[in-house]
Amino acid sequence: MKYPVVLIAMLIMIGADLVLPGQTIDPDHFDAPAMKTALHEKTNKYRSSKRKGSLKLDKQLTLAAQDHADYVMKNGKLTHNQTSENKKGPKERIRFYGGDVKAYAENIADLMVQRPCSVYNAKGEIYIKTLRTYDEVAVSMINAWNASEGHKRNLTSEDYTKTGFGVAYNPKSRKVTVVQVFGG
């Protein structure tokens with residue numbers, strides 16, 4: 001009788017690893033920290049595949065990215081600029097939050113979750129998919145950025161050693177906006 005109990009316990013543990021809390025997106029309770037974690041992990045996995053070093057999370061870059069993600073969501077327009085002079089561009093936002101970098105860049109994208117939307121695959125082809133997990137959203141964001149030479153350059157540049165993510169979510173539209181700020 002001891003072995004069936006052990007087997008059941010192992011199956012429960014394996015199952016728990018397959019569906020970790022926060023991995024599947026609940027559109028009514030979006031988990032921004034889980035999204036940021038997935039983005040950071042997938043960014044570093046992508047950089048590793050290109051033989052580039054990992055990016056460390058940075059508090060000031062994260063604050064600058066979150067500020068801009070909130071701004072973009074509020075205004076409903078993907079842009080790298082804000083109307084406020086002290087937060088006009090990525091460099092100003094980084095400085096506003098006390099950061100000091102010689103090199104910087106910013107990637108922005110938005111997608112829908114838990115409903116069909118256009119996404120890029122790893123080959124840069126567009127198709128329709130319903131994104132159900134934070135990992136799927138993170139991979140889709142990186143694939144979209146990889147399809148653009150400027151964004152791809154930001155993802156793979158050796159000038160950058162740190163990064164920060166901002167995530168804004170609208171539960172009504174199920175749109176998630178992601179801003180990634182790079183610094184070095």
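A pocket here is an open set of grid points with protein on both sides within 12 Å along at least five of seven lines, and its volume is the space filled by probe spheres set on those points. Rolling a probe the size of a water molecule over the atoms shows where empty space is left. In this predicted model, the largest pocket has a volume of about 160 Å³.

Which elements give two or more residues to the lining of the largest pocket? They are α2 (32–49) and α5 (134–146). The largest share, four residues, comes from α5. The lining as listed consists of Lys 42, Lys 45, Tyr 46, Ala 122, Val 139, Ile 142, Asn 143 and Asn 146. Sorted by class, the lining has four nonpolar, two polar and two charged residues.

The backbone angles come next. Most residues other than glycine have a negative phi. Gln 114 is not a glycine, yet it has a positive phi of about 55°. Gln 114 lies in the loop between β2 (104–112) and β3 (116–120). Is Gln 114 buried or exposed? Its relative accessibility is 17%, so Gln 114 counts as buried, the cut-off being under 20%.

Arg 174, also a residue other than glycine, has a positive phi near 65°. Arg 174 is found in the loop between β5 (162–170) and β6 (175–183). Arg 174 counts as partly exposed because its relative accessibility is 23%, and that class runs between the limits of 20% and 50%.

How values were computed
Residues are numbered from 1 along each chain as its sequence is written. This is a predicted model: local features need pLDDT of at least 70, side-chain atom pairs count only at pLDDT 80 or more; totals for chains, interfaces and linings use all residues. Side-chain values use heavy atoms; hydrogens and water are left out. On a 1 Å grid over the protein atoms alone, a cavity is a set of points where a 1.4 Å probe fits but cannot get out, and a pocket is an open set with protein on both sides within 12 Å along at least five of seven lines; lining residues have an atom within 4 Å of a point. Ala, Val, Leu, Ile, Met, Phe, Trp, Tyr, Cys and Pro count as nonpolar, Asp, Glu, Lys and Arg as charged, and the others, Gly among them, as polar. Buried means under 20% relative accessible area, exposed over 50%, partly exposed in between (1.4 Å probe, protein chains only).
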